[in-house]
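Please read the following walk through one protein model with the sequence and the coordinates open beside it. The paragraphs move from the surface to the backbone, and then to the contacts between side chains.

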Amino acid sequence: AWKRAQIGFRVDWRAELTVQGDAYKGVVDQANAGQQHISGANLLARWTHALSGGDSVQAQAYIDQTQLEVPGAPGIGTLAERLNIYDVELQYNMKRIDAHTVTWGAGYRLARDHLNNSPVIAFLPDQRNLTWADVFIQDVIALKDDLNLTAGVRGEHNSYTGFEVLPSVRLSWKLDPQNLVWGGVSRAVRTPSRLDRDLYSPAQPPFVIAGGPNFRSETSDVFELGLRAQPTATLSYSITAFHHIYNHLRSVELIDGSYFSVANQMEGNASGVEAWANWQVTRNWRLSAGAMVLDQILKLRPDSTDPK
């Protein structure tokens, strides 16, 4: 059973400043392991300002605090975590110059993670500060009145793997006022978490699981082609075909026949089609429906020792 109490607020001032936050506390019943307790609070402030020359700037700050206590079954012990996150972002939107509309920005995030490990499951070290810093720039180029090219790149630095680059290119063509065709190519990255690098079991050697000290980012090269249409004033739909190429996916490798370590020995791809439709039946009644067909193939590399 899951019980949760939450309270929140939001304040807007002159369409420029928004302050919002909430606090929560919950309990989850676990079979043979007592109750799992979770609580936390967060606060967000966002400021948007239009400059006299036609540019605009947006700044945002976010603070989040979470506490988690997970009792284990008898003999396993309790795992407790206190996580504090501090995040700031800045975005600058430039007015259109000729065919170009440029947006750039930067951000920084700090996570302070403190754990009370159990004898069976541990994150080592039990205290760690993680940082993420990023910069990005995007240019929307009007090639023609009905043809736009959007190109951008984000550079991100994280505590585990250093610098990552995420480029993106998208082309959209408005066939007529009711139909838009678009295509895109991008790269997505999942950087390592503490679960990938710092998980150990038991808490003292000899270990059965001994982290993944060389675990690198998982990557996905994404190719998309889509259509958005509104054939009538009350009916709209979208269809997107996609293909993902995955590299360096997480696996669990047997090392020297004695313990397991998290590694990146899985790869694969996924292809599919996703469709959504909205029908405004009446002024107060709207129907929405969607469907997706997915074909995903994942495989271990030939030199993997993952026992799957």
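In this predicted model, a nonpolar patch on the surface is formed by Leu90, Trp104, Ile137, Val153, Phe163 and Val165, which together have about 510 Å² of accessible area.

Strand S1 (residues 2-13) pairs with strand S2 (residues 17-29) in the antiparallel sense, and the pairing extends over 12 bridges. Within this pairing, Val11 stands opposite Val19 in S2. The hairpin of S1 and S2 has 3 residues between the strands, and there Arg14 takes a positive phi near 55 degrees.

Asp98, although it is not a glycine, has a positive phi of about 55 degrees, and it is found in the loop between strand S5 (78-93) and strand S6 (100-116). With a relative accessibility of 72%, Asp98 counts as exposed. Asp256, also a residue other than glycine, has a positive phi near 55 degrees, and its place is the loop between strand S15 (235-255) and strand S16 (259-282). Asp256 likewise counts as exposed, at 72% relative accessibility.

Where do the cis peptide bonds joining Ser201 to Pro202 and Pro205 to Pro206 occur? Pro202 is found in the loop between strand S12 (199-201) and strand S13 (209-210), and Pro206 lies in the loop between S12 and S13 as well. For the bond that joins Ser201 and Pro202, omega is about -10 degrees, while for the bond from Pro205 to Pro206, omega is near 5 degrees.

The charged side chains come next. Side chains of opposite charge can pair when their charged atoms come close. A search of the whole structure finds 12 salt bridges, and one of them brings together the side chains of Arg128 and Asp198, with an N to O distance of 3.0 Å. Since Arg128 lies in strand S8 and Asp198 in the loop between helix H1 (194-197) and S12, the pair ties together parts that are 70 residues apart in sequence. The two partners fall into separate accessibility classes: Arg128, at 25% relative accessibility, counts as partly exposed, whereas Asp198, at 3%, counts as buried. Both residues also belong to a network of salt bridges in which Asp113, Arg128, Arg194 and Asp198 are linked.

A further salt bridge joins the side chains of Arg190 and Asp196, at 3.1 Å from N to O. Here Arg190 counts as partly exposed, at 30% relative accessibility, while Asp196 is buried, with a relative accessible area of 0%. Towards the end of this account of the salt bridges, the side chains of Asp303 and Arg301 meet at 3.8 Å from N to O, and Arg301, at 36% relative accessibility, counts as partly exposed.

Which residues does Ser304 contact, leaving aside its neighbours within four places in sequence? Ser304 has its place in the segment after strand S17 (285-300), and with those neighbours left aside it is in contact with Glu253 and Gln265. Ser304 is buried, since its relative accessible area is 17%, which is under the limit of 20%. A polar atom of the side chain of Ser304 lies 3.1 Å from the backbone nitrogen of Asp306.

The last stop is His248, which lies in strand S15. With a relative accessible area of 24%, His248 is partly exposed. Leaving aside neighbours within four places in sequence, His248 is in contact with Arg216, Ser217, Glu218, Thr219, Asn264 and Met266. Among these residues, Arg216 makes a polar contact with His248, side chain to side chain, at 3.5 Å. The C-alpha atom of His248 is separated by 23 Å from the C-alpha atom of Ser201, a residue 47 places away along the chain, and Ser201 is the residue that a cis peptide bond joins to Pro202.

How values were computed
Residues are numbered from 1 along each chain as its sequence is written. This is a predicted model: local features need pLDDT of at least 70, side-chain atom pairs count only at pLDDT 80 or more; totals for chains, interfaces and linings use all residues. Side-chain values use heavy atoms; hydrogens and water are left out. Patches are made of residues with over 30% relative accessible area and no salt bridge: like charges are joined within 9 Å, nonpolar side chains (Val, Leu, Ile, Met, Phe, Trp, Tyr) within 5 Å. Accessible areas come from the Shrake-Rupley method with a 1.4 Å probe; for residues, only the protein chains shown count as cover. A salt bridge is a side-chain nitrogen of Lys or Arg within 4 Å of a carboxyl oxygen of Asp or Glu. Helices (H or I, at least four residues) and strands (E, at least two) are DSSP runs, numbered from the N terminus. Buried means under 20% relative accessible area, exposed over 50%, partly exposed in between (1.4 Å probe, protein chains only). A polar contact is a pair of N or O atoms within 3.5 Å; within protein, one must be able to donate a hydrogen and the other to accept it, and residues adjacent in sequence count only if both atoms are side-chain atoms. Contact means heavy atoms within 4.5 Å. Two strands pair if DSSP finds at least two bridges between them.
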